Amino acid sequence: MNERAESLIEAIERKTNDVKIETERLQSYQASLNCIQSSCKHNWTDAEKHTDTIPGYTTPGDKPGTMGVDFQGPVDIAPSVKVYYTRECKECGKTQRTEQTRPGKQVPSF
Ligand SMILES: [Zn+2]
């Protein structure tokens, strides 16, 4: 076999095994953390408000030359702002995120 190809195959096999071992380790960490978080009584921080601004854009519409009654021209999509809240447990580090509450409501419900 080509020497270069052989050494690459060996390196790939070694790294694949390393990734497998690391993945198993991470799964074990995650399981331990889940166990701690599921038995925690949770001491939440105050809800923190975040806003994501989604810029407006124009859809390209159908290519010129497209025929038919269902022809779709370019459409302007208005920019929008998405509001959400997060909070974190001071004891176990669990985080929660919620979407915007109903209009007029000031306190988010998780
Ligand atoms: Zn907790």
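**A walk along strands S4 and S5**

Select strand S4 (residues 80-88) together with S5: the two pair in the antiparallel sense over five bridges. The model you are looking at is predicted.

Next, pick out individual partners across this pairing. Select Tyr-84, and opposite it in S5 you will find Glu-99. Then select Thr-86, whose bridge partner in S5 is Arg-97.

Now go to the turn. S4 and S5 form a hairpin with six residues between the strands. Select Gly-93 in this hairpin, where the residue takes a positive phi near 80°.

The three strands make an open sheet in the order S1-S4-S5, with antiparallel pairing. Strand S1 (48-54) and S5 stand at the edges, each with a single partner strand, so one side of each has no neighbour in the sheet. From one strand to the next, the twist averages 30°.

Stay with S5 and select residues 95-99. How many of the five residues of this strand are buried? The number is zero, so S5 lies largely in the open. While looking at strands, keep one general point in mind: in a regular strand, side chains alternate between the two faces of the sheet.

Leave the sheet and select Lys-63, which is in the loop between strand S2 (57-59) and strand S3 (75-77). Is Lys-63 buried or exposed? Lys-63 has 6 C-beta neighbours inside 10 Å; a residue with 12 or fewer is exposed, so Lys-63 counts as exposed.

Pro-74 and Lys-63 are 11 residues apart along the chain, and their C-alpha atoms are separated by 9.7 Å.

Definitions and conventions
Residues numbered from 1 in each chain as written. Predicted model: local features only at pLDDT ≥ 70, side-chain atom pairs only at ≥ 80, totals over all residues. Buried ≥ 20, exposed ≤ 12 C-beta atoms within 10 Å, placed from the backbone. Helix = DSSP H or I, 4+ residues; strand = E, 2+ residues; numbered from the N terminus. Pairing = 2+ DSSP bridges. Axes fitted to C-alpha atoms, helices over the stretch in contact; angles between N-to-C directions.
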